[in-house]
Amino acid sequence: MKRLITLSVAIAATATIAACGGGSAGTPSAAGANPSAANTTVSVTQVPGVGRVLVDHSGKALYSPNVEASGKIACEAACTAFWKPLTFTKGTPTGSTDAGKLGVIKRPDGSSQVTDNGKPLYTFSEDSPGKARGNGFTDDFNGQRFTWSVIRAGGTTASRAGSGNGGTSTPSSSSAGSYGY
């Protein structure tokens with residue numbers, strides 16, 4: 001009986017860890033809304049209004065800001081409360097063949113962030129899988145004006161004017177702290 005209880009506790013603990021996403025960014029767990037992304041860091045999916053875009057393992061659109069076009073990290077501190085860096089902990093980031101050239105850059109805090117064609121990648125806190133609300137969004141952090149663009153298949157950015165937003169992605173102008181909270 002003791003052995004059965006111990007085995008049951010071990011199974012329950014394993015199930016709980018798996019359900020909480022016990023993997024790291026370098027070893028993605030469940031793919032959420034994009035099952036084909038389960039074994040890749042970056043995938044490509046169709047998002048209404050912006051086309052085929054890069055997404056993380058959970059299916060959230062990936063963005064890069066204009067101020068980081070050179071590959072130098074400028075989004076830190078308060079900025080990362082809204083724009084989450086796509087970090088990576090082990091090995092080399094992987095992606096679907098049309099994801100572009102993936103790499104890694106060191107952030108000022110020492111973590112590794114995934115890049116696409118040299119552009120650091122982020123998710124937007126107000127997005128959900130299949131939505132790209134942050135495309136064309138502008139905000140200010142540390143005296144710099146950021147304009148965020150979703151990254152399309154092949155590594156190009158979707159500009160606000162040419163993205164065909166169709167109401168799916170509502171560009172806004174904001175200062176830090178004015179995200180509707």
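**Cores and buried residues**

Guide: Welcome! In this predicted model, the largest nonpolar core has 21 residues, and Y63, W83 and W148 touch the most other members. Two or more residues come from each of β2 (51–55), β8 (122–124) and β10 (144–151). β10 gives the most, with 3 residues. There is also a second, separate core of 11 residues, which includes V42, L86, L102 and V114.

Visitor: Why is V150 called buried?

Guide: Buried means under 20% relative accessible area. V150 has a value of 0%, so V150 is buried. V150 lies in strand β10.

Visitor: Which residues does V150 touch, beyond those up to four places away in sequence?

Guide: They are V50, V53, A61, L62, Y63, N135, T156, T157 and A158. As for Y63, it is 87 residues from V150 along the chain, yet their C-alpha atoms are separated by 4.2 Å.

Visitor: How do you know that D116 has no salt bridge?

Guide: A salt bridge needs a side-chain nitrogen of Lys or Arg within 4 Å of a carboxyl oxygen of Asp or Glu. For D116, the nearest side chain of opposite charge is K119, 5.6 Å away. That distance is not within 4 Å, so D116 has no salt bridge, although D116 is buried.

Visitor: Where is D116, and what is in contact with it?

Guide: D116 belongs to strand β6 (residues 112–116). Leaving aside neighbours within four places in sequence, D116 is in contact with L54, A99, G100, K101, L102, L121, I151 and G155.

Technical notes
Residues are numbered from 1 along each chain as its sequence is written. This is a predicted model: local features need pLDDT of at least 70, side-chain atom pairs count only at pLDDT 80 or more; totals for chains, interfaces and linings use all residues. Side-chain values use heavy atoms; hydrogens and water are left out. A nonpolar core is a set of buried Ala, Val, Leu, Ile, Met, Phe, Trp, Tyr and Cys residues joined through side-chain atoms within 4.5 Å. Buried means under 20% relative accessible area, exposed over 50%, partly exposed in between (1.4 Å probe, protein chains only). Helices (H or I, at least four residues) and strands (E, at least two) are DSSP runs, numbered from the N terminus. Lys and Arg count as positive and Asp and Glu as negative; His and the chain ends are not counted. Contact means heavy atoms within 4.5 Å.
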